[in-house]
Amino acid sequence: MGGDTEALIRQGRDFIARHGETVFNFARRLQGDAVHTPLTRAGFAQADEMGRALRRLLGPRPALTLWASPTGRALQTLAVIAEHLDLDWHGANTDPRLGEIGMGSWGGRLYSDVIGEVGPVITPTGLLRVAPGGEDYHAIAERCGGWLADTDADSGDRLVIMHGISSRVLRGVMTNAPVDAYAVVPIAPGLPQGSLVLIENGRESVAHLGAGRAPA
């Protein structure tokens, strides 16, 4: 899980994006690992913005391996971006290890209702608290680290569409970010929905800053 090791051996560049806004985000519901939460019109607009940004940066038909969480919102976001890049969405790879934090008994519920019962559910650093029956941050780091290990030797660049919390863990592992006091794993800074980063040789830069909200 060490960021230095990943930076030394990982081949190619990783463009990592948060999906666009969804109906759950708009309604202020805890989304977590829910599978079917479609994008809103704002979410599609955010995907368009990321697609245009990548087109300006890479041009048409770039040599990118497409990856996504197997959730509808990630695949919808990828479809829009792939269209901007003249790439075939049907050639994309999906992996459940790129999915969002599991929210257990809080999943799908309104933030306001859960907060009314248990108090704040967002930490000072913008992370979601671990829910009853939900997933902890060590588990997320383990699965994201497993995906990294399995793709380290792949040649060429990758486009990865995933989620707010899980992408912060993945990016944190890849860049050897500071260990968050609550999560007790490396956590990268939070970014709005529709944001896109580039990680190369263990260093991260923001390729496009989205206009959405946080957390996922």
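Contact here means heavy atoms within 4.5 Å. The structure described is a predicted model.

The chain contains seven helices and six strands. Read from the N terminus, the order of these elements is α-β-α-α-β-α-β-α-α-β-α-β-β. The radius of gyration of the chain is 16 Å, close to the 17 Å given by the globule rule for 216 residues, so the chain is as compact as a globular protein of that length. Along the principal axes, the C-alpha atoms fill a box of roughly 50 × 40 × 25 Å. Of the 216 residues in the chain, 51% are buried. Among contacts with a separation of 6 or more, 72% join residues 24 or more positions apart.

Two helix pairs were examined. Helix 3, residues 41-58, and helix 4, residues 72-85, have axes that come within 8 Å and cross at roughly 35°. The crossing of helix 3 with helix 4 is right-handed. On the side of helix 3, the contact involves Phe44, Ala47, Asp48, Met50, Gly51, Arg52, Leu54 and Arg55. Helix 4 contributes Gln76, Thr77, Val80, Ile81, His84 and Leu85. By class, the residues of this contact between helix 3 and helix 4 comprise seven nonpolar, four polar and three charged.

The second pair consists of helix 6, residues 137-151, and helix 7, residues 164-175, whose axes come within 9 Å and cross at roughly 60°. Helix 6 and helix 7 also form a right-handed crossing. In helix 6, the contact residues are Tyr137, Ile140, Ala141, Arg143, Cys144, Trp147 and Leu148. Their counterparts in helix 7 are Ile165, Ser166, Val169, Leu170, Val173 and Met174. The contact of helix 6 with helix 7 divides into 11 nonpolar residues, one polar and one charged.

Individual residues were then considered. Arg171 belongs to helix 7. With a relative accessible area of 3%, Arg171 falls under the 20% limit and is therefore buried. Residues up to four places away in sequence aside, Arg171 touches Ile16, Ala188, Pro189, Leu191, Val197, Ile199 and Glu204. For one of these residues, Ile199, the C-alpha atom is separated from that of Arg171 by 8.0 Å, at a distance of 28 residues along the chain.

Gln46 is located in helix 3. The relative accessible area of Gln46 is 6%, which is under 20%, so this residue also counts as buried. When neighbours within four places in sequence are left aside, Gln46 is in contact with Gly20, Glu21, Gln193, Gly194, Ala211 and Gly212.

Beyond residues up to four places away in sequence, Leu87 touches Arg61, Pro62, Leu64, Leu66 and Ala82. The C-alpha atoms of Leu87 and Thr71 are separated by 20 Å, and the two residues are 16 residues apart along the chain.

Terms used:
Residues are numbered from 1 along each chain as its sequence is written. This is a predicted model: local features need pLDDT of at least 70, side-chain atom pairs count only at pLDDT 80 or more; totals for chains, interfaces and linings use all residues. Side-chain values use heavy atoms; hydrogens and water are left out. Axes are lines fitted to C-alpha atoms, for helices over the stretch in contact, and angles run from 0 to 180 degrees between N-to-C directions. Helices (H or I, at least four residues) and strands (E, at least two) are DSSP runs, numbered from the N terminus. A crossing is left-handed if the near helix is turned anticlockwise from the far one by less than a right angle, and right-handed if clockwise. Ala, Val, Leu, Ile, Met, Phe, Trp, Tyr, Cys and Pro count as nonpolar, Asp, Glu, Lys and Arg as charged, and the others, Gly among them, as polar. The radius of gyration is taken over C-alpha atoms; the globule rule is 2.2 Å times the number of residues to the power 0.38. Buried means under 20% relative accessible area, exposed over 50%, partly exposed in between (1.4 Å probe, protein chains only).
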